[in-house]
Amino acid sequence: MLVVAWFTPVLAVRTVHIEGVAAVPEQQVRDLVRIPSNLSILRVDTDPIARRVASIPKVRSVRVQRAFPSTVRVTVVERTPVLYFDAPDGTHLIDSEGVEFAVEAPKEGVAKLVTEHPGGADPATKAAVAVVSSLPRTLAGQVDEVAARSVSDVSLNLTDGRTVLWGGTNDAERKSAVVGPLLTRPGTVFDVSSPNLVTVK
């Protein structure tokens, strides 16, 4: 029976189930899956399929599984923008890994990056991405713009006009712990770059 199943369509793939796509068109994924008609599920090589789907810029990771008797399940995790920056060719989106994955308008709530040489290979950009990715959710939702003058000089401009001087990527956990209570005080500039000696102006 195993030999029959391997070489004949007794266990032919009849369904390709795709999960996790929103920004990526489902048909684009299907076009890259490319499973031949009547191929037995036992003969489906999942690794090349995963590599092809992972080549889509908006795909962060993909998992391809056989689900007997006749289904191949493709689970996609899409890239989510944490910052964007404007360039001559359009608006570039950057995810939490520092990957530029699209040139298109950002969704509401994504902060703008301001730095001298924005891009995935730029150290200041990487620092800004790391800082934004480490922020408490309540603060992240208030950030309108991230200014990265260097890897050790990152500041957050909030939607209400206040500014948080974050500094570098070090001590992120401690900074996250002190910034919330600090923002309850009156002021316009909140400096947590040295979390053991915070200031408000």
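Q: Which residue in strand 3 stands opposite histidine 17?
A: Strands of a sheet pair through backbone hydrogen bonds, either parallel or antiparallel. In this predicted model, histidine 17 has arginine 73 of strand 3 opposite it. The strands concerned are strand 1 (residues 15–19) and strand 3 (residues 71–78), paired in the parallel sense over five bridges.

Q: How many bridges join strand 2 to strand 3, and in which sense do they run, parallel or antiparallel?
A: Strand 2 (residues 59–67) runs antiparallel to strand 3, and eight bridges join them. Serine 61 stands opposite valine 77 in strand 3, and valine 62 has valine 76 as its bridge partner.

Q: What is the order of the strands in the open sheet?
A: The sheet has three strands in the order 1-3-2, and the pairing is mixed.

Q: Why is one side of strand 1 and of strand 2 left without a neighbour in the sheet?
A: Both strands stand at the edges and each has a single partner strand, so one side of each has no neighbour in the sheet. From one strand to the next, the twist averages 15°.

Q: Which helices pack on the sheet?
A: Helix 2 (residues 26–33) packs there and touches strand 1 and strand 3. Its direction makes about 135° with that of strand 1. Helix 3 (residues 46–54) also packs on the sheet, touching strand 2 and strand 3. The direction of helix 3 makes about 150° with that of strand 2.

Q: Which residues of helix 6 are buried?
A: An α-helix has 3.6 residues a turn, so residues three or four places apart point the same way. In helix 6 (residues 172–182), the buried residues are Ala172, Lys175, Ser176, Val178, Val179 and Leu182. Their cover includes helix 4, helix 5 (137–140) and strand 10 (163–167), as well as strand 11 (189–191) and strand 12 (199–200).

Q: What volume does the largest pocket have, and which residues are closest to its centre?
A: Its volume is about 240 Å³. Of the 13 lining residues, Ala23, Arg79, Thr80, Pro81 and Lys107 are the closest to the centre. By class, the lining holds seven nonpolar, one polar and five charged residues.

Q: What classes of residue line the second largest pocket?
A: That lining has nine nonpolar, two polar and no charged residues. The volume of this pocket is about 180 Å³. Among its lining residues are Pro81, Val82, Ser133 and Val143. Strand 4 (81–87), helix 4 (123–134) and strand 8 (143–150) are the elements that give two or more residues to the lining.

Terms used
Residues are numbered from 1 along each chain as its sequence is written. This is a predicted model: local features need pLDDT of at least 70, side-chain atom pairs count only at pLDDT 80 or more; totals for chains, interfaces and linings use all residues. Side-chain values use heavy atoms; hydrogens and water are left out. On a 1 Å grid over the protein atoms alone, a cavity is a set of points where a 1.4 Å probe fits but cannot get out, and a pocket is an open set with protein on both sides within 12 Å along at least five of seven lines; lining residues have an atom within 4 Å of a point. Grid points are joined across faces, edges and corners, and a volume is the space filled by probe spheres set on the points. Ala, Val, Leu, Ile, Met, Phe, Trp, Tyr, Cys and Pro count as nonpolar, Asp, Glu, Lys and Arg as charged, and the others, Gly among them, as polar. Helices (H or I, at least four residues) and strands (E, at least two) are DSSP runs, numbered from the N terminus. Two strands pair if DSSP finds at least two bridges between them. Buried means under 20% relative accessible area, exposed over 50%, partly exposed in between (1.4 Å probe, protein chains only). Contact means heavy atoms within 4.5 Å. Axes are lines fitted to C-alpha atoms, for helices over the stretch in contact, and angles run from 0 to 180 degrees between N-to-C directions.
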